[in-house]
Protein chains: 2
Amino acid sequence: MSSPRVTVVPYLDIINEGDDFPIPQQNVNKWITTKKAHYDLRVNGVEPPVGIVHPTVVDALREQPGWDINDTADFRTITIEGNDEASRSEAVARTFASLRGMDKFVVLSRWRDELKPAYGPNNEILFNVERAAVPLLGIVSYGVQLSVYSYDVDTKLPRIWISKRSMTTANYPGLLDNTTAGGCRTGEDPFESVVREAKEEASLPDDVVRSSARACGTIGYFHFRDDKAIGETYLLQPEIEFLYEMELPDGVQPETNDHEVEWFQLWDVEMIKDGLTQRLFKPSYTLVIVDFFVRHGVLTPSNEPDYVDIVSRLHRVLEFPMMKCRI
Amino acid sequence: MSSPRVTVVPYLDIINEGDDFPIPQQNVNKWITTKKAHYDLRVNGVEPPVGIVHPTVVDALREQPGWDINDTADFRTITIEGNDEASRSEAVARTFASLRGMDKFVVLSRWRDELKPAYGPNNEILFNVERAAVPLLGIVSYGVQLSVYSYDVDTKLPRIWISKRSMTTANYPGLLDNTTAGGCRTGEDPFESVVREAKEEASLPDDVVRSSARACGTIGYFHFRDDKAIGETYLLQPEIEFLYEMELPDGVQPETNDHEVEWFQLWDVEMIKDGLTQRLFKPSYTLVIVDFFVRHGVLTPSNEPDYVDIVSRLHRVLEFPMMKCRI
């Protein structure tokens with residue numbers, strides 16, 4: 001039923017690279033020490049913290065109005081002042097416009113003019129922040145992923161439509177990525193994000209995606225920005241990706257539409273394994289591939305010794321308030 | 001595409017009931033306090049601890065030879081003496097035979113004459129222990145789950161073959177359960193456990209299961225034994241279930257074979273949701289159902305506010321050495 005195993009992929013290494021913030025269950029002291037090496041991002045009256053900020057960023061924010069910094073607490077804190085979303089968002093906007101003007105952080109050179117929300121524990125938006133500044137505050141990012149696939153009738157194994165990110169995209173230029181992936185807009189149902197992105201990026205018709213795409217889970221991870229991204233590599237990115245998949249109906253295939261994608265290619269399992277081993281994929285997408293392989297029975301307890309660790313680690317519980325889906 | 005939503009299932013409540021040991025990312029002090037209210041089960045020279053033991057059990061083990069107890073450590077410990085698997089297994093066997101004879105613990109009244117392994121960090125078996133005594137030591141249990149399903153052509157929704165546990169089973173008598181579920185034998189490939197259990201419990205032919213069943217993930221949870229089980233409710237059970245699913249080929253259906261199952265019935269999504277709300281299912285199986293609903297697009301970001309929390313929580317990272325699958 002399965003083809004000969006050609007490539008041995010170091011799946012657990014790949015997960016450790018993408019989800020590299022310490023795991024409390026594995027080493028609680030290292031987890032606490034790493035948190036104490038940073039500052040909890042707080043909003044007055046709100047529990048728990050909503051982000052995690054590197055001391056270098058705290059030092060830059062120290063010189064900006066609107067931030068209250070406690071350097072002596074057991075877990076050090078930086079609190080955004082303001083009593084409502086509007087006043088906090090204004091302080092945040094003023095701060096990062098100022099830092100952008102000063103060329104303080106490379107990540108701000110990729111300014112998008114797109115706001116991202118920081119959610120509180122009751123799904124209230126505590127403030128909005130320019131997308132390029134999100135890693136400076138270490139708040140949770142939410143994305144959507146659509147894996148478009150078909151089954152090979154001979155091998156009975158799935159193949160996935162892989163995209164190549166253009167060299168001009170703001171982040172991770174030139175890396176390989178999912179058929180479609182993108183950010184959730186504030187208040188947008190993740191499924192609507194998928195429909196929108198699939199059309200914009202892959203020319204996939206609305207009606208096809210609406211009738212054939214299916215939600216199939218999430219992945220969660222917490223990682224230090226790496227050198228495949230543009231900008232500071234010490235910044236922290238806790239992320240949740242909403243996963244969707246779609247078996248391709250006859251006569252439809254993804255096609256490039258905007259400047260974000262260089263090409264689409266249908267890759268079989270061995271090609272993808274080879275790409276994983278060579279680290280050709282955007283780090284977040286590597287985790288999405290591993291979850292796809294788990295759900296589709298490519299990666300199994302019968303062929304992977306670290307199966308239990310791998311599946312658990314794909315779904316990290318984050319210590320920040322989680323976005324609630326809107327019904 | 002989906003039928004009208006009849007039952008609103010409190011999915012997150014159900015997960016909180018099945019996975020009720022504190023979550024470090026949510027409340028690290030409560031997690032540490034709860035651990036400190038117990039004893040770490042240790043083996044000399046091995047990190048990390050392999051189980052978690054309630055003080056009542058520690059007091060019973062204090063009177064038995066072979067156990068070294070430290071009541072003053074920051075995290076209190078109980079260490080099984082012995083330098084190899086054989087000597088530790090012998091001490092464990094002697095201990096629980098003695099406690100069984102003294103009627104110390106109700107769980108030991110369900111003695112199975114079946115050994116379960118405690119794995120070390122390199123997949124070495126540290127010791128074996130009678131299955132009925134596993135919750136007394138709080139070591140990780142490993143099980144397999146096979147969900148046999150078919151799709152309703154009208155609603156395009158899945159239906160699952162549900163089993164009713166007989167009133168004479170050792171644990172959770174009379175509750176509803178998956179088509180097939182069972183424990184992994186020491187050293188057995190989980191897929192082979194599935195093939196064996198599917199035949200024993202549901203009369204499903206070997207060749208059908210081998211050609212059609214597919215691995216699709218795991219769930220992990222850490223719970224206090226509840227009053228639906230037989231025996232002490234304060235005992236801790238960290239568990240991993242290997243998940244498999246099989247779309248039923250024409251002409252095949254599960255049939256009772258042994259005394260463990262009272263009946264099989266094909267339940268649709270609304271019946272299952274109703275059963276979840278009424279808590280008709282074995283607690284571990286409720287989590288398997290939720291994961292099935294996630295993978296099959298029944299539970300989605302568009303119909304469940306707590307979707308992100310739910311998916312993460314189904315895959316708990318446990319603080320004990322994980323069994324490696326044998327290739």
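Modeller: Lys156(A) is located in the loop that lies between β7 (141-151) and β8 (158-165) of chain A; strands here are DSSP runs of E with at least two residues, helices are runs of H or I with at least four, and both are numbered from the N terminus. This is a predicted model, in which local features need pLDDT of at least 70 and side-chain atom pairs count only at pLDDT 80 or more, while totals for chains, interfaces and linings use all residues. Residues are numbered from 1 along each chain as its sequence is written, chains are lettered from A and ligands numbered from 1 in the order in which they are written, and side-chain values use heavy atoms, with hydrogens and water left out.

The backbone at Lys156(A) has a phi near 60°, a positive value in a residue other than glycine. Another backbone feature of chain A is the peptide bond from Glu47(A) to Pro48(A), which is cis with omega near -10°. Pro48(A) belongs to the loop between β1 and β2 of chain A.

In chain A, 4 strands form an open sheet in the order β2-β1-β4-β3, with mixed pairing; two strands pair if DSSP finds at least two bridges between them. β2 (51-53) and β3 (67-70) of chain A are the edge strands, each pairing on one side only. On average, neighbouring strands of this sheet are turned by 30° against each other, direction ignored. Strand β1 (residues 39-43) of chain A runs antiparallel to β2(A) and is joined to β2(A) by 3 bridges. Within β1(A) and β2(A), Tyr39(A) stands opposite Val53(A). Helix α4 (residues 85-101) of chain A packs on the sheet and touches β1, β3 and β4 (77-80) of chain A, contact meaning heavy atoms within 4.5 Å. The direction of α4(A) makes about 110° with that of β4(A).

Helix α1 (residues 11-18) of chain A and α9(A) have axes that come within 10 Å and cross at roughly 140°; axes are lines fitted to C-alpha atoms, for helices over the stretch in contact, and angles run from 0 to 180 degrees between N-to-C directions. α1(A) and α9(A) are therefore oblique to each other, given that under 35 degrees counts as roughly parallel, over 145 as roughly antiparallel, 65 to 115 as roughly perpendicular and the rest as oblique. The crossing of α1(A) with α9(A) is left-handed, that is, the near helix is turned anticlockwise from the far one by less than a right angle, clockwise being right-handed. Tyr11(A), Ile14(A) and Ile15(A) of α1(A) make this contact with Thr286(A), Leu287(A), Val290(A) and Phe293(A) of α9(A). By class, the residues of the contact are 6 nonpolar, 1 polar and no charged; Ala, Val, Leu, Ile, Met, Phe, Trp, Tyr, Cys and Pro count as nonpolar, Asp, Glu, Lys and Arg as charged, and the others, Gly among them, as polar.

The other crossing involves helix α8 (residues 269-277) of chain A, whose axis comes within 11 Å of that of α9(A) and crosses at roughly 140°. The crossing of α8(A) and α9(A) is left-handed. From α8(A), Val269(A), Ile272(A), Lys273(A) and Leu276(A) meet Thr286(A), Ile289(A) and Phe293(A) of α9(A). This contact of α8(A) with α9(A) divides into 5 nonpolar, 1 polar and 1 charged residues.

Chain A also meets chain B. In that interface, 47 residues of chain A are in contact with 47 residues of chain B. The area buried between chain A and chain B is about 4,000 Å², with 63% given by carbon and sulfur atoms; buried area is the accessible area (1.4 Å probe) that two parts lose on being put together, summed over both. Gln25(A), Val308(A) and Val317(A) supply 17% of the area that chain A buries against chain B, more than any other three residues.

In chain B, the peptide bond from Glu47(B) to Pro48(B) is cis, with omega near -10°. Pro48(B) is placed in the loop between β1 and β2 of chain B. Further along chain B, β3(B) pairs with strand β4 (residues 77-80) in the antiparallel sense, over 4 bridges, and Asn70(B) stands opposite Thr77(B) in β4(B).
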